[in-house]
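The sequence and model come first.

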Amino acid sequence: MWKDAGSWKPQVRVIGRDGEKLHEWHIEDDLFSAESYVHGTHLYPNGHLVVNVEYVGTARLDPSGDVVWKLPRRTHHSVTRAEDRTLWIPSQTGDPTTKYAGLAEAVLPEQILHVSPDGDVLESLDLIQILFENGLERYIFEQHGPRPKGELLHLNDVESLGSSMASAYPLFEAGDLLVSLRDLHLVFVLDPETRTIKWHAHGPFLRQHDPDFAGEGKIGVFDNRPDGTRRGHVLGGSRIVVLRPPSDTAMVHYPNPRSDTFYTEAGGKWQRLENGNLLLTEAQAGRVVEVDSAGDVLWEWIHEPAGAKVPQVLDGTRYPFSHRQVEAWAQR
C-alpha cells in the first residue's frame, strides 16, 4: 500500500538504489470490482507487469497501467514465470467441499494454476488430492487433527526448475515445481505431468515462505519461525535455511552470529543476487535489505510509515534494469 492523494492505495513501484521512485502502477479498485492488496508480481523487461490482487485475481498490465488481460480466479501470493513463458500461480476455490475421500469435513480446495502468456488457464493441479496420491496426507492430520476442515494447506509459493540449473539436481528434471505449504510446514518438489512428489522436507522450518532453487543442488527457504512475540525473541527471529536433496537437514545460511536479527511473522521473500548477496523482504517491518556473505547490511529501504504503523511489503525483487530502460517504458 502506498499513500496517494491522502489515502492508502495498492500500487507497485520500481525504485532506484537511492529510494527514488522510477515507475509505478496503480491497482484500481475496479480492476476486479473488489478491494484487496497486491501479493505476487512478475515484471517484464518491456515494463509489463503481472500482478496478483490477493484472493481476487491476476492481471497483466502494460507500463501505463492499462489491462492486457485479467484472470478472475482466487489467485494469491506468488507469480512465477517458467522458461517457456507460462506462469505458475497459487489459487484457491472459494467454496468448501467434502469431495475428498478420507476427509469427513468440508475443506477449501487449493490449486496450482498453469497459465499461458495470454492469461488462459492451461491446467489446474489439485494439491489436496496430490498429497493423498503421494501418501503425504499424514501431514494434514498431524497439523489439523482427526477431522480437518477449512483451509488446510495455505499454498504460498510455486517455482519451476529451469533447464540451465537442472543438472545440479539429480533427483529432479527441468519443469519440476518447488512448492511451499505454509500451514503444513511442508516443502516439496512435484512433477506436474505425472503428479509425483519426488522429494519433500517437513520440520526444519516453521510456517515458511518462498523456497527457491538456489543452485549447486541446494534449496533455500525463508523460515519465518513465528513465536508470538513482536520481534521473534523466543525462537530468535526468521532465517534463510538451505537444504540439499535428498537430505531434509537444514543449514542456516542467514543470519550468522554477527548479523542483526530480522523477523517477520508472516510474509517474507528472499533473493540470491548475482554477486552472492541476499535481498531479504522483511514483510511486516516494511523493509527490504541487502546483506553480504558476512551478514553485514549493504543497503536497505524502509516503507514510509502510516501513522504509528508501517505498511507491509510483500514482494521486494531486484531487477537488472537500467534507469534508461525504465524511462523508456513511459514512451511505449
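Rings of Phe, Tyr and Trp pair if their centres lie within 6.5 Å; for Trp the six-membered ring is used. The model is predicted. A search of the whole structure turns up ten aromatic pairs. Two of them are described here.

The rings of Trp25 and Trp329 have centres 6.0 Å apart and planes at 45°, so this pair is tilted. The partners come from distant parts of the chain, 304 residues apart. Trp25 sits in strand β4 (residues 21-26), and Trp329 in helix α4 (residues 323-329). Both Trp25 and Trp329 are buried.

Phe222 and Phe262 make an edge-to-face pair. Their centres are 5.6 Å apart, with 90° between the planes. Phe222 belongs to strand β18 (residues 218-223), while Phe262 lies in the loop between β20 (251-254) and β21 (269-272). The pair therefore ties together parts that are 40 residues apart in sequence. Phe222 is buried, at a relative accessible area of 0%. Phe262 also counts as buried, at 2% relative accessibility.

Ring pairs also build a cluster. Its members are Trp25, Tyr319, Phe321 and Trp329.

Which residues lie over the faces of Phe32 and Trp299? Lys70 lies over the face of Phe32, and Arg318 over that of Trp299. The table gives the distances.

| Charged residue | Ring | Distance from ring centre |
|---|---|---|
| Lys70 | Phe32 | 5.7 Å |
| Arg318 | Trp299 | 5.3 Å |

Note on methods: Residues numbered from 1 in each chain as written. Predicted model: local features only at pLDDT ≥ 70, side-chain atom pairs only at ≥ 80, totals over all residues. Heavy atoms only, no water. Phe/Tyr/Trp six-rings, centres within 6.5 Å; stacked < 30°, edge-to-face > 60°. Helix = DSSP H or I, 4+ residues; strand = E, 2+ residues; numbered from the N terminus. Buried < 20%, exposed > 50% of the residue type's maximum accessible area, 1.4 Å probe, protein only. Lys NZ or Arg CZ within 6 Å of the ring centre and 35° of its normal.
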